[in-house]
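Hi,

Here is the structure I promised to pass on. Have a look at it first, and then read my notes below.

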Amino acid sequence: MEQTLPKIKHKRHQRVKPNYVFILLSIFVICCIFLLGHKIVSSASKEPSYTKCYKSVQIQAGDSLWGIAQRYYSDEWGSVRTFMEEIKSLNGISNDGIHYGNYLAIPYYKE
């Protein structure tokens with residue numbers, strides 16, 4: 001009877017071992033899938049993020065609203081006209097008339 005006990009334990013040990021290997025392999029595969037999916041999502045969302053900022057510009061002699069808009073324009077605005085309308089709206093200007101010595105708030109984007 002003493003001889004059969006170790007054989008039973010040995011067989012039980014052999015049965016349990018493949019289950020541990022299967023569980024560990026499953027956890028490894030799930031972790032790999034999760035990490036790969038996270039990498040794909042994070043690389044897809046790395047588009048530049050822009051913050052809208054403002055600077056104050058003093059109007060010089062001979063300046064026009066169109067000229068100032070052209071000077072500070074960047075591609076984020078789409079067109080100089082759109083940018084000029086944004087400057088007018090931001091500064092409460094209803095027409096294109098600006099006056100020497102006054103200040104304008106000029107919006108711009110930075111990363």
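One definition before the rest: a residue is called buried under 20% relative accessible area, exposed over 50%, and partly exposed in between. By that scale Y109, at 28% relative accessibility, counts as partly exposed, while W77, at 11%, counts as buried. Keep in mind that this is a predicted model.

Those two residues belong to the aromatic part of the story. There are three aromatic pairs in the structure. In one of them, W77 and F83 sit 5.0 Å apart centre to centre with 40° between the planes, which makes a tilted pair. W77 and F83 are both buried. W77 also pairs with Y109, again tilted, with 5.2 Å between the centres and 45° between the planes. Since W77 is in the loop between α2 (65-72) and α3 (80-91) and Y109 is in strand β2 (residues 103-110), this pair ties together parts that are 32 residues apart in sequence. Taken together, ring pairs join Y73, W77, F83 and Y109 into a cluster.

Another ring to look at is Y108: K55 lies over its face, 5.2 Å from the ring centre.

And what about D63? You'll find D63 in the loop between β1 (51-58) and α2. Its side chain makes a polar contact with the side chain of R71, at 3.1 Å. If you leave aside neighbours within four places in sequence, D63 is in contact with Q58, I68, R71 and I98.

Cheers

Key: Residues numbered from 1 in each chain as written. Predicted model: local features only at pLDDT ≥ 70, side-chain atom pairs only at ≥ 80, totals over all residues. Heavy atoms only, no water. Phe/Tyr/Trp six-rings, centres within 6.5 Å; stacked < 30°, edge-to-face > 60°. Buried < 20%, exposed > 50% of the residue type's maximum accessible area, 1.4 Å probe, protein only. Helix = DSSP H or I, 4+ residues; strand = E, 2+ residues; numbered from the N terminus. Lys NZ or Arg CZ within 6 Å of the ring centre and 35° of its normal. Polar contact = N/O pair within 3.5 Å; in protein donor to acceptor, adjacent residues only side chain to side chain. Contact = heavy atoms within 4.5 Å.
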